[in-house]
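Here are some notes to read beside the sequence and the model. Please follow each point on the structure as you go.

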Amino acid sequence: MFDPFEKILIISLPHRVDRRKEMREQLHKVGLADDPRVSFFDAVRPSTPGKFASIGAHGCFASHLDILQANKGAAILILEDDCDFAADAAGYRLPADFDIFYGGYLRASEPDRLETSRVIVGSHCMGFSARAS
């Protein structure tokens, strides 16, 4: 799953050392503990929620946007610091022609109605090919 990416960036507030520690454990679990492509991105922390449901949602959006703008033309994987990898994550293979990989979300309460459900939320693991970024 990780091979196609030039950079693996983890969105995390600098003061959340607990989450950074947990993410390092997750990285170790999938063989990325010492990978030079991996780095933490200091999350944006806006002062107001703006048009978002919360300050956290606003900051998450702004952080993803900042990463995408700073890495145009690079294949990148963006993780949030509360990402928990599935046991088989390291063995998952992305199609060679992928553009966007959406690998993390919170479960839907209505899995049979995904096209109209607004309950799938999260961007815990999103990958972008060089073409898409």
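**Notes on the predicted model**

1. Asp 99 is partly exposed, with a relative accessible area of 33%. This model is predicted, and the values below are computed from it. The partner of Asp 99 is Arg 131, and the closest N and O atoms of this salt bridge are 2.9 Å apart. The two residues come from distant parts of the chain: Asp 99 lies in the loop between S3 and S4, while Arg 131 lies in the segment after strand S5 (125-128), 32 residues apart. Arg 131 counts as exposed, at 58% relative accessibility.

2. Next, the overall layout. How many helices and strands does the protein chain have? The secondary structure comes to two helices and five strands. Read from the N terminus, the order of the elements is β-α-β-α-β-β-β. The protein chain has 133 residues, of which 39% count as buried. Its accessible surface is about 8200 Å², and carbon and sulfur atoms account for 53% of that.

3. Which residues touch the most other members of the largest nonpolar core? They are Met 1, Phe 2, Ile 8, Leu 77, Leu 79 and Phe 85, in a core of 20 residues. Strand S1 (7-12), helix H1 (17-29) and strand S3 (76-80) are the elements that give two or more residues to this core. There is also a second, separate core of 11 residues, with Ile 11, Leu 13, Ile 67 and Ile 78 among its members.

4. Leaving out residues up to four places away in sequence, Ile 8 touches Phe 2, Leu 32, Arg 37, Val 38, Ser 39, Leu 77 and Leu 79. Of these neighbours, Phe 2, Leu 77 and Leu 79 are also named in the list for the largest core.

5. Now the aromatic rings. A pair of aromatic rings is described by the distance of the centres and the angle of the planes. The count of aromatic pairs comes to four. One of them joins Phe 2 and Phe 85, which are edge-to-face, with 5.5 Å from centre to centre and 90° between the planes.

6. Phe 5 and Phe 98 form another edge-to-face pair, with 5.7 Å between the centres and 65° between the planes. Phe 5 is buried, at a relative accessible area of 2%. Phe 98 is buried as well, at 11%.

7. Back to charged residues. The count of salt bridges comes to six, and the one in point 1 between Asp 99 and Arg 131 is among them. Another joins Asp 18 and Arg 16, where the closest N and O atoms are 2.7 Å apart. Asp 18 is partly exposed, at a relative accessible area of 35%, and Arg 16 is partly exposed too, at 27%.

8. Glu 25 and Lys 21 form a salt bridge with their closest N and O atoms 3.2 Å apart. Glu 25 counts as partly exposed, at 45% relative accessibility, whereas Lys 21 is exposed, at 53%.

9. Last, helix H2 (residues 55-70). H2 has 16 residues and reaches 22 Å from its first C-alpha to its last, close to the 22 Å expected at 1.5 Å a residue. Its buried residues are His 58, Gly 59, Ala 62, Ser 63, His 64 and Ile 67. What covers them includes S1, strand S2 (38-42), S3 and S5. Ile 67 was named in point 4 as a member of the second core.

Notes:
Residues numbered from 1 in each chain as written. Predicted model: local features only at pLDDT ≥ 70, side-chain atom pairs only at ≥ 80, totals over all residues. Heavy atoms only, no water. Helix = DSSP H or I, 4+ residues; strand = E, 2+ residues; numbered from the N terminus. Buried < 20%, exposed > 50% of the residue type's maximum accessible area, 1.4 Å probe, protein only. Areas by Shrake-Rupley, 256 points an atom, 1.4 Å probe, with all protein chains shown as cover. Core = buried A, V, L, I, M, F, W, Y, C linked by side-chain atoms within 4.5 Å. Contact = heavy atoms within 4.5 Å. Phe/Tyr/Trp six-rings, centres within 6.5 Å; stacked < 30°, edge-to-face > 60°. Salt bridge = Lys/Arg side-chain N within 4 Å of Asp/Glu carboxyl O. Expected span 1.5 Å × (residues − 1).
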